[in-house]
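Please read the briefing below alongside the sequence and the 3D view. It goes through helix packing, then the sheet, then model confidence.

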Amino acid sequence: MDGCILIIDFGSQYTQLIARRIRELKVYSEVYPFNKINKKLLSKIKPAGIILSGGPKSVLDKNSPFLSRIILDLNKPILGLCYGLQLLSKFFGGTVRKSLNREYGYSRIKIIAHSKILPNQWKKKNAINVWMSHGDHVEKIPKDFVVIAYSNNKIISFIENREKKIYGLQFHPEVQHTQNGKELLKKFIFSICKVRTNWILEDFISTKIKELKKLIGSKNVICGLSGGIDSSVTAYLLHKAIGKKLFCVFVDHGLMRSGEVNEVTNYFKSKFGRNFIHVEAKNFFLKKLKGISDPEKKRKIIGKNFIKIFEKEAKNISKAKYLAQGTLYPDIIESISFFGGPSAKIKSHHNVGGLPKKMGLTIVEPLRELFKDEVRLLGKKLKLNTQLINRHPFPGPGLAIRIPGAINNNKIKLLQQIDKIYVNFLKEKKLYQKIWQAFAILLPIKSVGVMGDERTFNYCCALRAVTSIDGMTADFYMFTKSEFTEISNRIINNVKGINRVLYDFTSKPPGTIEWE
């Protein structure tokens with residue numbers, strides 16, 4: 001696509017967030033790991049500008065990700081972020097050193113010179129809040145570069161080569177915490193790279209429908225439908241493309257929220273009729289999960305057995321060749337870099353990782369380029385039920401990863417009760433739509449309490465509520481004291497077996513939104 005921004009991935013957990021910010025500016029971008037860059041690819045993409053991501057490695061390490069000379073030979077504007085800045089500095093003859101004190105989280109930088117990519121709000125001598133995450137720093141800048149800003153720790157935070165249009169930032173403008181960071185990216189893309197807007201969601205729908213029709217042809221598709229926004233939009237988009245060649249399989253693994261199984265079944269049965277298949281598998285999954293406490297093992301057991309069930313159902317559907325999943329960008333990032341790059345693995349996702357060869361089905365993931373907020377917009381354009389669109393995200397493994405430790409039927413029922421009370425409270429107080437995601441966690445510990453003058457020894461639960469735009473970063477939602485008091489009382493008074501309620505005051509990063 002004309003005017004593409006190429007993002008080169010050096011392993012940062014924020015790489016796809018860079019793509020997300022660019023997309024918010026209605027500009028198309030492509031992400032490739034550093035070791036996949038070659039002349040043929042660059043000739044195909046024809047980037048108008050290049051962004052080098054951050055990364056977990058040190059440029060001082062022997063086998064660290066490298067910067068290919070062919071990138072510089074393009075003579076296109078370059079913006080290096082964090083690791084990208086250090087790569088540029090080292091490549092052009094500057095000096096990079098290990099920092100005595102790592103800068104992580106909020107930091108302040110002071111502007112000492114003008115740059116064309118500075119946001120209008122950033123004036124000379126101003127102190128700006130930015131988001132840092134680095135252990136190395138540039139000690140000496142390369143020849144023909146100038147310093148634009150230092151951090152409050154006297155660390156070089158912003159350099160540029162005006163003639164070559166090369167810019168390096170020690171901080172992360174793509175992260176929401178950086179003041180006016182999106183404006184900085186906007187200046188780079190439009191003022192320096194001279195790109196025009198070229199990414200529109202309506203175009204994605206029409207392009208994806210054509211792509212799916214061509215790919216699937218006369219074959220049938222099985223869609224793993226959970227009732228969440230991701231799988232629901234996947235099903236609607238496929239139905240628009242291939243109609244009755246789509247078969248939706250809803251697997252009740254016994255780990256859904258209270259009342260959700262009936263809700264999902266009734267809604268989609270009316271939409272897809274006989275092509276909606278409800279599989280009752282609660283006892284099957286509980287048996288497989290018995291005694292398993294490791295979160296990665298739980299995820300993998302659920303994922304593996306989902307595949308087994310789909311394999312069984314596929315045999316009953318003639319001409320079934322594809323398995324559709326509601327995989328999104330963040331799912332891919334947290335499992336492995338989107339294009340197989342060097343990102344550090346955070347956790348497994350039950351719908352990421354491929355299928356056993358013997359199954360004979362090929363994975364189709366129509367939404368894997370999208371972020372959650374884009375999927376919601378897509379759902380509106382496809383005329384999904386409003387309640388479905390606005391429902392908080394729910395993980396594929398369900399309540400299994402909201403019950404740390406071993407799972408049993410009693411714990412599931414307890415958590416379903418807690419979750420129902422919590423969600424109903426949020427809706428009643430008109431807080432539900434102000435929060436990106438809210439849920440309860442049943443902790444694997446018991447504590448002493450007093451109820452009705454009697455000693456209790458019951459489970460503790462934790463509540464989580466975060467605000468976010470796209471799920472890549474998130475901040476905890478701050479309830480009022482009266483709200484904390486009311487929800488705690490409701491849970492303890494109505495759920496037998498709970499005598500203590502805790503609240504999670506952790507942002508992402510450093511935490512993830514889910515606990516497991």
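Helices α6 and α7 cross in a right-handed way (a crossing is right-handed if the near helix is turned clockwise from the far one by less than a right angle, and left-handed if anticlockwise). This is a predicted model, in which local features need pLDDT of at least 70 and side-chain atom pairs count only at pLDDT 80 or more, while totals for chains, interfaces and linings use all residues. Residues are numbered from 1 along each chain as its sequence is written, and side-chain values use heavy atoms, with hydrogens and water left out.

**Helix α6 with helix α7**

- Helix α6 (residues 201–216) packs against α7 at about 65 degrees, and their axes are 9 Å apart. Axes are lines fitted to C-alpha atoms, for helices over the stretch in contact, and angles run from 0 to 180 degrees between N-to-C directions.
- Ile205, Lys208, Ile209, Leu212, Lys213 and Ile216 of α6 make the contact with Leu237, Leu238, Lys240, Ala241 and Ile242 of α7 (contact means heavy atoms within 4.5 Å).
- The residues of this contact are eight nonpolar, no polar and three charged. Ala, Val, Leu, Ile, Met, Phe, Trp, Tyr, Cys and Pro count as nonpolar, Asp, Glu, Lys and Arg as charged, and the others, Gly among them, as polar.
- Helices (H or I, at least four residues) and strands (E, at least two) are DSSP runs, numbered from the N terminus.

**Helix α7 with helix α12**

- Helix α7 (residues 229–242) also packs with helix α12 (residues 372–381), at about 45 degrees and with axes 10 Å apart.
- α7 and α12 are therefore oblique to each other (angles under 35 degrees count as roughly parallel, over 145 as roughly antiparallel, 65 to 115 as roughly perpendicular and the rest as oblique).
- The crossing of α7 with α12 is left-handed.
- Ile229, Asp230 and Val233 in α7 touch Lys372, Val375, Arg376, Leu378 and Gly379 in α12. These contact residues comprise four nonpolar, one polar and three charged.

**Helix α9 with helix α10**

- Helix α9 (residues 282–289) and α10 pack at about 140 degrees, with axes 10 Å apart, and are therefore oblique to each other.
- α9 passes α10 in a right-handed crossing.
- On the α9 side the contact involves Phe284, Phe285, Lys288 and Leu289, and on the α10 side residues including Ile301, Ile302 and Phe306. In total, seven nonpolar, one polar and three charged residues take part.

**The sheet and the helices across it**

- Five strands form an open sheet in the order β12-β11-β10-β13-β14, with parallel pairing (two strands pair if DSSP finds at least two bridges between them).
- β12 (276–280) and β14 (362–364) each have a single partner strand, so one side of each is left without a neighbour in the sheet.
- From one strand to the next, the twist averages 30 degrees.
- Strands β10 (residues 220–224) and β13 (residues 320–324) run parallel and are joined by four bridges. Ile222 is opposite Leu323 in β13.
- Helix α8 (residues 260–272) lies across β11 (246–252) and β12, at about 155 degrees to β12.
- Helix α10 (residues 295–314) lies across β10, β11, β12 and β13, at about 135 degrees to β11.

**Confidence**

- The chain averages a pLDDT of 88, and 92% of the residues score at least 70 (pLDDT is the predictor's confidence in each residue, from 0 to 100).
- Residues 336–350 have a pLDDT below 50, and this stretch has 54 contacts in the model beyond near neighbours in sequence.
- Where pLDDT is low, the predicted coordinates should not be read in detail.
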